Amino acid sequence: MAAPPRPAPSQNGCRKGRAAPARSQDGRGCAVTSFPERADGPRCRHGNARGAGLRRGGAGWSGMEPAGATPPSCAPAREAEEPPGCPALPAERPRDGQHARNEREQAAERSGGHGPAERRAGRRPRVTVDSSKAKTSLEALKISLRQLRWREFPFGRRLPCDIYWHGVSFHDNYIFSGQVNKFPGMTEMVRKVTLSRAVRTMQDLFPVEYNFYPRSWILPEEFPLFVDEVRMMKESDPSWKPTFIVKPDGGCQGDGIYLIKDPSDVRLAGSLQSRPAVVQEYICKPLLVDKLKFDIRLYVLLKSLEPLEIYIAKDGLSRFCTEPYQEPTLKNLHQVFMHLTNYSLNIHSGNFIHSDNVNTGSKRTFSSILCRLSDRGADVKKVWSDIISLVIKTIIALTPELKVYYQSDIPAGKPGPTCFQILGFDILLMKNLKPMLLEVNANPSMRIEHEQELSPGVFENVPSPVDEEVKVAVIRDTLRLVDPQKKKRKDIQSQTSEHVSETKEDLLGAGPGGGVDYDTSKSTEPGLPSLCLKQVFPKYAKQFNYLRLVDRVAALFIRFLGVKGTTKLGPTGFRTFIRNCKLSNSSFSMASVDILYIDITRRWNSVGIDHRESGMCLQAFVEAFFFLAQKKYKSLPLHEQVASLIDFCEYHLAALDEKRLLCGRGVAEPHSGAGSNPDGESAPPVGRSPSGAGL
Ligand code: ADP
């Protein structure tokens, strides 16, 4: 297998080889990294058993990367995202004698799913976990399962397991019951373009609340807009000297990213057509520690979509650049080790420091940074509460579309698994300590080892205590939170499913450590530490529920999708939505409705990534909805226009449902949840009709 390329930094810090930093014509734009498109998709070296020394052929490591060599994006030394398609740790084959044991185990499973000794001893049956698709998170998962004394099925199981641990996506395996650690559609949702779109929709509604995401444009479609807006901003403020960062969609680990000073430096030719990108304002003044730029990888558990439940890990990782930071200039734009914090890139710098100490080195715990900030007198509680707020708002931006994917893969009323997912949030702290969202990873790396060069050409995978400390705790405590047996016990103990705290909790009291109520997290399990995951939603729901407008629009969309299993609305569904919500009248005829549908749908389908289905996607529906809201409630700010139209629609649908119920016909549309807002509160009661009828 080809050795992963180890790019030797050139004098200026740029990668050599494959794609030398191509200067733009005027010499301003300079590649930070650029890898050729992979014809065979991302590949990945098999992980090695811990401590197994590897001798590599020198060729791939001499500096120039051979064409077609496995890109570093798939090298094991990574801290970003596991690209889809990476093989697992070496597939564990049954060793001698193990077949017989497996058969005994399987016989035991057939007789109730648990070992006879367990049953004889009257012990609680152990939770069963299928780890056959765990891929690179296998090592950390195994340690977690050992700590929990749960039962692992590394080769899968004929009988259903309680939990399925997937390495890549919901679709890694066909599952019809239990719980799986991935949501359908999550990988698509957190791609750079999709995330930017989802956040932009929220920025349109709530610009102040969503100012934690850098101003972004989607290329190539918004290139003219990007040029115009930058020109206008420069005209209004001639002292503004921006830098932009161009990031290919679906990329990870710094792949293909470059910095530019001017829109004319965007490389429009070729790859942009096949692989869209996001161009974003570059944050020029990050917080520095030891003169180095760093970012934060925080682990977030999305435990449930409906009702929304979010947990944040109390500790994360800080990944450091390896060259002292300078604000971007034409001379240093291309210096990867100064501007990009990716672990997978910086590990190749001669300055990278491996450390077993969580407070030092190029990868540290986030808590160690907070301690240093606190020593400097920074308001660490405020930093933490801003981060919590960023995480909740980002997830609120993602949930509407996730719900569309969810109902498509797991239609209501059909048997299917429930889902949860660990997400990796990449956050940059600005000099003024404001957290900014860089990206969300659907498959954050859960590797707990890194590669070390023992002597020239000899590499060894060695345990990484910093990774192990943070990641094993995240996996173990995720499992504790989704523990099906605990849920059963809890259901029996309390009949109430009410989670929302009645008091308006102050986020500022939500420091990373003390004084936090972890909901279910207080350790009742002997021998286990208290949970490292802290519930933030619904705990702080009251402060954020007003933002969940698009969720309610999505509920309307899902109601009118009609045939289950689709993600796009047909013209008839759209017409029915207009008619049932009484949105058409003499000044907005059904012919205008059809034109609106065709116009918006065509445009979205020309830029969308999902061309499998025809029809109106959720974003297109949201655009149409905003248009209708603006038309109907002219003088209000956009979020009030949209909220008013949602109330109006929900009111008419609730009235319709009531009428149908009285007539004994039941509700016509498959999803009647549209009458409820995300709080589970019903739409305005009959008699409290929102003003106006039609548009
Ligand atoms: P990837 O998925 O390829 O890692 P990211 O969006 O995480 O892409 O960007 C890679 C790195 O580039 C980040 O870790 C961060 O150091 C830097 N970066 C990304 N966006 C910005 C930005 N808007 N301002 C400053 N630095 C950024």
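These notes walk through the structure one topic at a time.

1. A word on the model first. This is a predicted model, in which local features need pLDDT of at least 70 and side-chain atom pairs count only at pLDDT 80 or more, while totals for chains, interfaces and linings use all residues. Residues are numbered from 1 along each chain as its sequence is written, and side-chain values use heavy atoms, with hydrogens and water left out.

2. Now the overall picture. You will find 19 helices and 21 strands in the chain; helices (H or I, at least four residues) and strands (E, at least two) are DSSP runs, numbered from the N terminus. Of the 695 residues, 58% are buried, where buried means under 20% relative accessible area, exposed over 50%, and partly exposed in between (1.4 Å probe, protein chains only). Among contacts (heavy atoms within 4.5 Å) with a separation of 6 or more, 72% join residues 24 or more positions apart.

3. Next, the surface. The chain has an accessible surface of about 29,400 Å², and carbon and sulfur atoms hold 54% of that. Such areas come from the Shrake-Rupley method with a 1.4 Å probe; for residues, only the protein chains shown count as cover.

4. A nonpolar core is a set of buried Ala, Val, Leu, Ile, Met, Phe, Trp, Tyr and Cys residues joined through side-chain atoms within 4.5 Å. This one has 108 residues, and those touching the most other members include Ile310, Phe425, Phe574 and Phe625. Helix H11 (residues 380–409) gives the largest share, 15 residues. The core lies between domain 2 (188–214 + 287–546) and domain 4 (557–664), because both give residues to it; the domain bounds come from an automatic or database domain assignment.

5. Leaving aside residues up to four places away in sequence, Phe625 touches Val553, Leu556, Phe577, Val642, Leu645, Ile646 and Cys649. There is also a second, separate core of 35 residues, with Leu141, Ile143, Ile475 and Leu531 among them.

6. What surrounds the ligand? There are 23 residues around it, of which Lys247, Gly254, Thr341, Asn342 and Glu439 come nearest; a residue is near if one of its heavy atoms lies within 4 Å. Oxygen atoms of the ligand are 2.8 Å from a side-chain N or O atom of Lys192 and 2.7 Å from one of Lys247. A ligand nitrogen atom lies 2.8 Å from a backbone N or O atom of Ile283. The protein covers 99% of the 540 Å² of accessible area that the ligand has on its own.

7. After H16 comes Lys582, with a positive phi near 55°.

8. Finally, compare two residues in helices. Thr478, in helix H12 (residues 465–482), counts as buried because its relative accessibility is 0%. Its side chain reaches the backbone oxygen of Val474 at 2.7 Å, and Thr478 touches Trp165, Leu301, Phe420, Ile422 and Leu533, not counting residues up to four places away in sequence. Phe627, in helix H18, is partly exposed, with a relative accessible area of 37%. Phe627 and Val642 are 15 residues apart in sequence, and their C-alpha atoms are 9.1 Å apart in space.

Notes
Polar contact = N/O pair within 3.5 Å; in protein donor to acceptor, adjacent residues only side chain to side chain.
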